[in-house]
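This briefing concerns helix packing and the nonpolar core of one protein model.

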Amino acid sequence: MPPSLWLPNTAKSGMKHFNNRNTRQEALSLFREILRTCKAFHWCDETGKPWNVRLKQEARKEFEASREETDPLIIARMLVTGRDCVDQIQNKFNEADRAAWERIERDSTRGGP
């Protein structure tokens, strides 16, 4: 049997399990994950405003702008893209944190004159 193809005119029938309650829960989960990730950014930008405050405001603005979207495919794309971006940021932050701790340990075990 050949693979089935997704056609744009069948998008509504193919999205029957992607209902409003699921999208709301996923959006809230993503928003909360963004807020938890923002807590790690405690330094200030060039204007002296803390990055965590600025990032929280930007996230809120993006979610509010997307609130009226009704197309399930666009909503799904935004949720997947948002989740991927948060995952990438968390991974990069964790790598930088690990590298900093390794350098601290390396410098402290080296011993001084």
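**Surroundings of Leu 55**

Leu 55 touches Cys 38 and Phe 41, leaving aside residues up to four places away in sequence; contact means heavy atoms within 4.5 Å. This is a predicted model, in which local features need pLDDT of at least 70 and side-chain atom pairs count only at pLDDT 80 or more, while totals for chains, interfaces and linings use all residues. Residues are numbered from 1 along each chain as its sequence is written, and side-chain values use heavy atoms, without hydrogens and water.

- Leu 55 lies in helix 3 (residues 51–66); helices are DSSP runs (H or I, at least four residues), numbered from the N terminus.
- Leu 55 counts as partly exposed because its relative accessibility is 28%, the class between buried (under 20%) and exposed (over 50%), with a 1.4 Å probe and protein chains only.

**Helix 2 and helix 4**

- The axes of helix 2 (residues 20–38) and helix 4 (residues 72–110) come within 10 Å and cross at roughly 25°.
- The two helices are therefore roughly parallel to each other, a term for angles under 35 degrees.
- Residues that meet include Leu 30 and Ile 34 in helix 2, and Ile 75 and Leu 79 in helix 4.
- The residues of this contact divide into 7 nonpolar, 5 polar and 3 charged.

**Nonpolar core**

- The largest nonpolar core has 8 residues, among them Phe 31, Cys 38, Ala 59 and Val 86; such a core joins buried nonpolar residues through side-chain atoms within 4.5 Å.
- Helix 2 gives the largest share of this core, 4 residues.

Conventions: Axes are lines fitted to C-alpha atoms, for helices over the stretch in contact, and angles run from 0 to 180 degrees between N-to-C directions. Angles under 35 degrees count as roughly parallel, over 145 as roughly antiparallel, 65 to 115 as roughly perpendicular and the rest as oblique. Ala, Val, Leu, Ile, Met, Phe, Trp, Tyr, Cys and Pro count as nonpolar, Asp, Glu, Lys and Arg as charged, and the others, Gly among them, as polar.
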